[in-house]
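Me: I'm new to this protein and would like a friendly tour. Could you show it to me first?

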Amino acid sequence: MLFISRRSRGVLLATASAALVAATLPAPVPLGIGDPLFPHLGNPGYDVLSYNIGLTYPGSNTTPLEAVTSIDARATASLRRINLDFARGTVHSVEVNGEPARFATADEDLVVTPHRAVRAGSPLRITVRHTSDPRGAADGGWIRTPDGLAMGNQADAAHRVFPCNDHPADKAFFTFRITAPQKLTVVANGLPGPRTTRAGRTTWTYRTRHPMATELAQVSIGDSAVIHRTGPHGLPVRDVVPAAERKELEPWLRKTPAQLAWMESKAGRYPFETYGVLIADTDTGFELETQTLSLFERRLFTGGSFPEWYVDSVMVHELAHQWFGDSVSPHSWSDLWLNEGHATWYEALYADEHDGKPLATRMRDAYRQSDGWRAAGGPPAAPKPPVHGQKISIFRPVVYDGSALVLYALRQEIGAAAFSVLEHSWVSRYRDRSATSADFAALASRIAGRDLSGFFQGWLYGKKTPPMPGHPDWRSAQPPQAHKG
């Protein structure tokens with residue numbers, strides 16, 4: 001006869017109950033919130049409030065990290081199943097509100113079945129014990145460097161690092177606890193917390209003071225130097241660079257406080273608790289506005305391949321994103337023009353004011369190419385879906401200079417003074433939130449004192465570029481004709 005303790009009997013009953021619930025449900029399927037560009041991204045039924053992510057780095061960037069991700073959320077609907085985005089790692093176990101839960105995978109979703117339904121409006125804590133694998137294909141997530149790792153999660157790759165609700169419409173606070181060999185330096189979004197060392201390994205803690213989209217998460221692990229300085233209003237500025245190149249990179253790093261002051265003059269007070277530049281020895285082909293710690297490729301700053309004015313403008317581009325894209329996030333990926341158009345606008349304006357690169361000349365050239373960009377990628381606020389298997393193909397010219405051109409036209413239409421009020425009001429009104437193209441158009445109309453819906457309909461959604469206010473002589477080049485077989 002086998003005797004089962006009262007505690008064991010309770011666990012078995014709970015497991016049996018969960019199995020019974022699972023048996024009455026249809027097969028797990030991937031869900032999404034209906035994003036026009038990424039239909040299966042994000043998940044319905046809950047609002048994430050915070051992530052607590054624990055990672056253990058073994059000392060090799062070709063070995064999966066052991067991880068625990070805890071998610072605190074609020075259920076917005078009754079949930080018999082809970083979908084999370086997660087695509088690259090092995091799940092060991094899942095708990096929902098402290099009780100074991102069944103789980104399965106469906107495409108890039110982790111589908112969790114708690115042993116009892118979660119009621120709408122109730123608190124929800126999901127704890128996933130898993131691995132985080134840095135060995136995946138070059139489609140985002142972990143970025144391997146010669147001495148460690150960094151993250152590049154845009155647009156939809158955070159779930160290749162940790163389970164999450166991977167959509168910028170659901171922002172949350174983050175806490176990171178990363179354990180790594182003592183000889184390495186770990187930095188993440190936000191400000192540092194307690195740090196402990198035991199048996200040759202150090203655990204680092206970082207917390208954000210503002211909610212963050214999952215695509216903006218950043219963790220850097222490596223042989224790094226952390227350089228501290230002070231920005232406007234006493235803002236802590238910390239830069240993270242390869243330790244051996246600290247001296248060589250210093251002339252670039254010391255530019256940041258003045259760039260911060262310039263951006264504050266254009267858009268208002270810097271919106272976060274800290275800022276800095278993370279320079280990684282990697283060839284990603286992109287720079288990235290990860291919140292409070294922008295990611296840059298080392299080659300941008302070394303070897304003299306790029307002129308100084310160009311590097312300065314790229315630094316300002318990622319800095320501007322802290323206001324436009326990070327603090328105010330896109331409500332859907334079709335609103336991407338609000339991120340990249342604004343960052344490109346300030347990049348170009350900085351080059352105009354500091355390096356003698358006329359803004360009007362750049363915008364006239366953009367106008368000439370605009371119809372071709374719209375034909376290839378769709379209008380700024382109605383972009384075509386990404387090319388199959390190339391999710392970052394949404395980052396097309398139309399969302400960069402093609403969308404900065406929309407802002408130039410708007411300034412021409414409403415005047416420089418009203419445009420400045422709009423920029424300050426936008427980042428103030430929607431700080432720490434996500435917002436839509438319609439929100440921007442409505443605020444612009446309110447500030448201009450007249451209905452601008454017709455203006456925005458043409459500039460954001462038209463197949464053809466409207467006439468440029470104040471420049472009737474500007475002409476768009478004819479887009480190339482598609483080959484007919």
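**A bent helix and its surroundings**

Reply: Happy to start here: helix 6 bends by about 50° at glutamine 369. The bend at a residue is the angle between axes fitted to the seven residues ending there and the seven starting there, and helices (H or I, at least four residues) and strands (E, at least two) are DSSP runs, numbered from the N terminus. This is a predicted model, where local features need pLDDT of at least 70 and side-chain atom pairs count only at pLDDT 80 or more, while totals for chains, interfaces and linings use all residues. Residues are numbered from 1 along each chain as its sequence is written, and side-chain values use heavy atoms, with hydrogens and water left out.

Me: What does helix 6 span between its end C-alpha atoms?

Reply: The expected span of a helix is 1.5 Å times one less than its number of residues. For the 19 residues of helix 6 (residues 359–377), a straight helix would span 27 Å. Between its end C-alpha atoms, helix 6 spans only 24 Å.

Me: Which helices do the buried residues of helix 6 pack against?

Reply: Buried means under 20% relative accessible area, with exposed over 50% and partly exposed in between (1.4 Å probe, protein chains only). Buried residues of helix 6 include Leu359, Tyr367 and Trp373. Contact means heavy atoms within 4.5 Å. The helices that these buried residues pack against are helix 5, helix 7 (401–414) and helix 10 (453–461).

Me: How are the rings of tryptophan 345 and phenylalanine 419 arranged?

Reply: Rings of Phe, Tyr and Trp (its six-membered ring) pair if their centres lie within 6.5 Å; planes under 30 degrees apart count as stacked, over 60 as edge-to-face and the rest as tilted. By this rule the count comes to 26 aromatic pairs. In this pair the centres are 5.5 Å apart and the planes stand at 65°, so the arrangement is edge-to-face.

Me: Why does that pair tie together parts apart in sequence, and how many residues apart are they?

Reply: Tryptophan 345 belongs to helix 5 (residues 336–355), while phenylalanine 419 sits in helix 8 (residues 416–429). The pair therefore ties together parts whose separation in sequence is 74 residues.
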